[in-house]
Amino acid sequence: MSKQEASGGMAPSKKRKTDRRWPIVAVVVAVVVAVAGGGFWVWHEQPSFCNAICHTPMDPYVAAFDQQPGTAGVDKWGNEVSNTSSMLAVVHAASKDEGGADANCLSCHKPTIAQQLTEVSEWSTGNMPLFANEAYGLVLGERDTEQLGEWLGQEGDAFCLNEACHNITRQDLVKKTAHYGERNPHMAMHGQQRDCGDCHKAHRASVNACSQCHEDAPIPDGWLTYDQAQETAQRA
């Protein structure tokens, strides 16, 4: 048999072996990509992702988020907080068995494309108080519930009072806190309904906004009066 014939006889055999191998290689590659993608997506939902990838001033938020509820701690500005349960980020991050919601950053900061593009653009130019850092001479700011809800087409109480979060109406909420009497903060006062975020703060101690005018307004454990909250912000 000639070398050419011998060579011609070997080629089909090698081709058949190669044909058998490529589906295995493709499956392995697909599995690796799927596992890596799954791991990346899980990380994408954690505070450490926000801090590492996009928002470099997020360290204080992450530190506050990782605290245990019901203990002494600090807020996003490093101010002492007597009870970390006064910060929604800490309470919501707790497990459901502990009375929390197993929440993470994306539970409230919904990653819509429009929101992400806008925030990255504003952050990179220093025009966004929420992510402004010392380089821009500004302290860490915050979003209110109206701003958080606008990306989702939510208005008023809908950002907090919805089927996925607090599945009650404002009227139900007023009834549940009726024991506060005429100082019930969930009632419309002076012809105006307060926004949830006026009192409930995520990354700093919550504040009873009514105490701005009413000295007898109840202050829950760890919360601040309006004046104390203003002083805390000034120290930031």
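Mentor: Let's start with a rule: a disulfide is a pair of cysteine sulfur atoms within 2.5 Å. By that rule, the count for this chain comes to zero disulfides.

Trainee: Got it. What am I looking at, anyway?

Mentor: This is a predicted model, where local features need pLDDT of at least 70 and side-chain atom pairs pLDDT 80 or more, while totals for chains, interfaces and linings use all residues. Residues are numbered from 1 along each chain as its sequence is written, and side-chain values use heavy atoms, leaving out hydrogens and water.

Trainee: How many helices and strands does the chain have?

Mentor: Nine helices and two strands. Both are DSSP runs numbered from the N terminus: helices are H or I with at least four residues, strands are E with at least two. From the N terminus on, the order is α-α-α-β-β-α-α-α-α-α-α.

Trainee: Why is Asn-208 called buried?

Mentor: Buried means under 20% relative accessible area, exposed means over 50%, and partly exposed is in between (1.4 Å probe, protein chains only). Asn-208 has 4% relative accessibility, so it counts as buried. You'll find Asn-208 in the loop between helix H8 (170–176) and helix H9 (226–235).

Trainee: Which residues does Asn-208 touch, beyond those up to four places away in sequence?

Mentor: Cys-199, Ala-217, Pro-218, Ile-219, Trp-223, Leu-224 and Tyr-226. A contact means heavy atoms within 4.5 Å.

Trainee: Ser-206 is in that H8–H9 loop too. How do you know whether Ser-206 is buried or exposed?

Mentor: Its relative accessible area is 1%, and since that is under 20%, Ser-206 is buried. Leaving aside neighbours within four places in sequence, Ser-206 is in contact with Ser-86, Cys-199, His-200, Lys-201, Trp-223 and Leu-224. A polar atom of the Ser-206 side chain also lies 2.6 Å from the backbone oxygen of Ser-86.

Trainee: What makes a set of residues a nonpolar core?

Mentor: They must be buried Ala, Val, Leu, Ile, Met, Phe, Trp, Tyr or Cys residues, joined through side-chain atoms within 4.5 Å. The largest one here has seven residues: Val-81, Met-87, Val-90, Ala-205, Val-207, Leu-224 and Ala-229. In soluble globular proteins, nonpolar side chains tend to be buried together.

Trainee: Where is Met-58, and why does Met-58 count as buried?

Mentor: Met-58 is in the loop between helix H2 (47–54) and helix H3 (59–65). Its relative accessibility is 10%, so Met-58 counts as buried.

Trainee: What share of the chain counts as buried?

Mentor: Of its 236 residues, 30%.

Key
A polar contact is a pair of N or O atoms within 3.5 Å; within protein, one must be able to donate a hydrogen and the other to accept it, and residues adjacent in sequence count only if both atoms are side-chain atoms.
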